[in-house]
Amino acid sequence: MAKWKDFEIDRNYIKAETYRSAKIQMPHDSDFDGYYFWHPQTLIWRPSRSTNIELHYHDDFKFRLFQETRDKYGKYKKINWRTVSAQEIISAFENSTEIPEHEGLKPLVHVPPVLEPVECEALDELKDD
């Protein structure tokens, strides 16, 4: 049975989240610049007083990296799949000297804009003097 291990990365590498997984960006100064991977939320630990997160894995773990492009309709399309070992991922993050800027998480669910009232009416007896 494989033993579980973990490594830390900065929280700003998370580019999107769903209930089940987080989309993590690879460092720009690594061989995997422009690639992303999805990691299960159950294998991510977020210490409350740290800017880092811990990604859990085991030695047999394979990470499926991908690049993205947009089609003519603006939808994201995954291209250039690569499968790499956990050691390659760890060395990419450990050898990185950059910390990405926080761009905020991109919601994967449509959030409609807040509606503003067009007109407000109240009965005269309910108005304050």
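Start by selecting Phe 7, Tyr 13, Tyr 57 and Phe 93, which form one aromatic cluster. Rings of Phe, Tyr and Trp (its six-membered ring) pair if their centres lie within 6.5 Å; planes under 30 degrees apart count as stacked, over 60 as edge-to-face and the rest as tilted.

Before moving on, note that this is a predicted model, in which local features need pLDDT of at least 70 and side-chain atom pairs count only at pLDDT 80 or more, while totals for chains, interfaces and linings use all residues. Residues are numbered from 1 along each chain as its sequence is written, and side-chain values use heavy atoms, with hydrogens and water left out.

How many aromatic pairs does the structure hold? There are seven. For one of them, select Tyr 36 and Phe 66: the ring centres are 6.2 Å apart and the planes stand at 35°, so this pair is tilted. Tyr 36 is in strand β4 (residues 36-40) and Phe 66 in strand β7 (residues 62-70), so the pair links parts of the chain 30 residues apart. Helices (H or I, at least four residues) and strands (E, at least two) are DSSP runs, numbered from the N terminus.

Is Phe 66 buried or exposed? Its relative accessibility is 1%, so Phe 66 counts as buried (under 20% relative accessible area; exposed is over 50% and partly exposed in between, with a 1.4 Å probe and protein chains only).

Next, select Phe 37 and Phe 63. Their ring centres are 5.1 Å apart with planes at 80°, so the pair is edge-to-face. Phe 37 belongs to β4 and Phe 63 to β7, 26 residues apart. Phe 37 is buried at 1% relative accessibility, and Phe 63 is buried at 2%.

Lys 23 lies over the face of Tyr 36, 4.5 Å from the ring centre, and Lys 78 lies over the face of Phe 66 at 5.3 Å. A charge sits over a ring if NZ of Lys or CZ of Arg is within 6 Å of the ring centre and within 35 degrees of the ring normal.

Switch to the cartoon view and follow β7. Eight bridges join β7 to strand β8 (residues 76-85), and the two run antiparallel; strands pair if DSSP finds at least two bridges between them. Arg 64 stands opposite Thr 83 in β8. Five residues lie between the strands of this hairpin, where Gly 74 takes a positive phi near 85°.

Finish at the open sheet of three strands, in the order β1-β6-β5 with antiparallel pairing.
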